[in-house]
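Here are a few notes to read with the model open. Have a look at the structure and then go through the points below.

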Amino acid sequence: MRKNILFAAALLLSVSSQAQLLDIIKSTVKTKTGVDLDNPSKPKSSTTTTATTNTTTTTKTSPVNLGSLTSTQISSGLKEALSLGVTDGVKKLALTDGFLKNEAVKILMPEKLRKIDTTLRSLGMGSLADEGVKLLNRAAEDAVTEAAPIFTKAITSMTITDAKNILLSSDNAATNYLQTKTQSQLFTAFQPKVKASLGKVGADTVWKNLISKYNTFTGQSVTTDLNEYVTTETINGVFKMVADKESGIRNTPAMRTTSILQKVFGAQDGK
């Protein structure tokens, strides 16, 4: 009887050990492979979740896709936008009243001389003051056509180093970049043309008369460099027109009149 009890105990221990060993094997297989030996057709749920998460992360993309554009294409698109801005802007500004009747770029009397305007009008010489302002704008309208090649040269020499950053930046980033790079060179080259235009339209003579009359009536001795002032204001006016054109091309697909503009600026629509 005792032998039978010992045999039964040994058998039970053996079965228990085998069951524990089998559980260990199942657990190891499930951990290493994700396969549940009790239900091999269903991988563990945590593996599925991990795979889904990884897929989502991998397929996430940027809202701006410039992958199909080369640096050369981006540069070409920006240069074309600036060239259109200069061409269109200069054409409009070079017309009679192109500066004078455009409040965004109209050249006003220099701040230093605005007290002259007030004094002359108080003395019944408002028409003389108006003529002085008109001729400043006439000089700009005359000179701006001659400046077009200077702006064009500056545009074509723009490098592609900052092209992508410019494309994805503010509405007038290309114009600001161009102005920063060329302002001093443009002024040096443009100033003689403005000086010639001031003489051509008679602005220099009128302003000498204006200042002389003011100094006579007030006993003061006011002087100013109209050439420098008109040069700066004319350049600023052109850049204002270029910036407006650039902003239009960036924000209005209908203004992208060439394939390169459509391709380059279409890529930045989702920025």
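**Notes on the model**

1. Start with the helix pair: from helix 5, L136, A139, D142, A143, V144, E146, A147, I150, F151, A154 and I155 meet L178, T182, L186, A189, F190, K193, V194, S197, L198 and K200 of helix 7. Contact here means heavy atoms within 4.5 Å, and helices are DSSP runs (H or I, at least four residues) numbered from the N terminus. By class, this contact has 15 nonpolar, two polar and four charged residues; Ala, Val, Leu, Ile, Met, Phe, Trp, Tyr, Cys and Pro count as nonpolar, Asp, Glu, Lys and Arg as charged, and the others, Gly among them, as polar.

2. Before going on, a caution: this is a predicted model, where local features need pLDDT of at least 70 and side-chain atom pairs count only at pLDDT 80 or more, while totals for chains, interfaces and linings use all residues. Residues are numbered from 1 along each chain as its sequence is written, and side-chain values use heavy atoms, with hydrogens and water left out.

3. Now F265, which sits in helix 10 (residues 259-267). Is F265 buried or exposed? F265 is buried, at a relative accessible area of 0% (buried means under 20%, exposed over 50%, partly exposed in between, with a 1.4 Å probe and protein chains only).

4. Which residues does F265 touch, leaving aside its neighbours within four places in sequence? They are G77, L78, A81, L167, I249, R250 and R256. As for A81, 184 residues away along the chain, its C-alpha atom is 9.6 Å from that of F265.

How values were computed
Helices (H or I, at least four residues) and strands (E, at least two) are DSSP runs, numbered from the N terminus.
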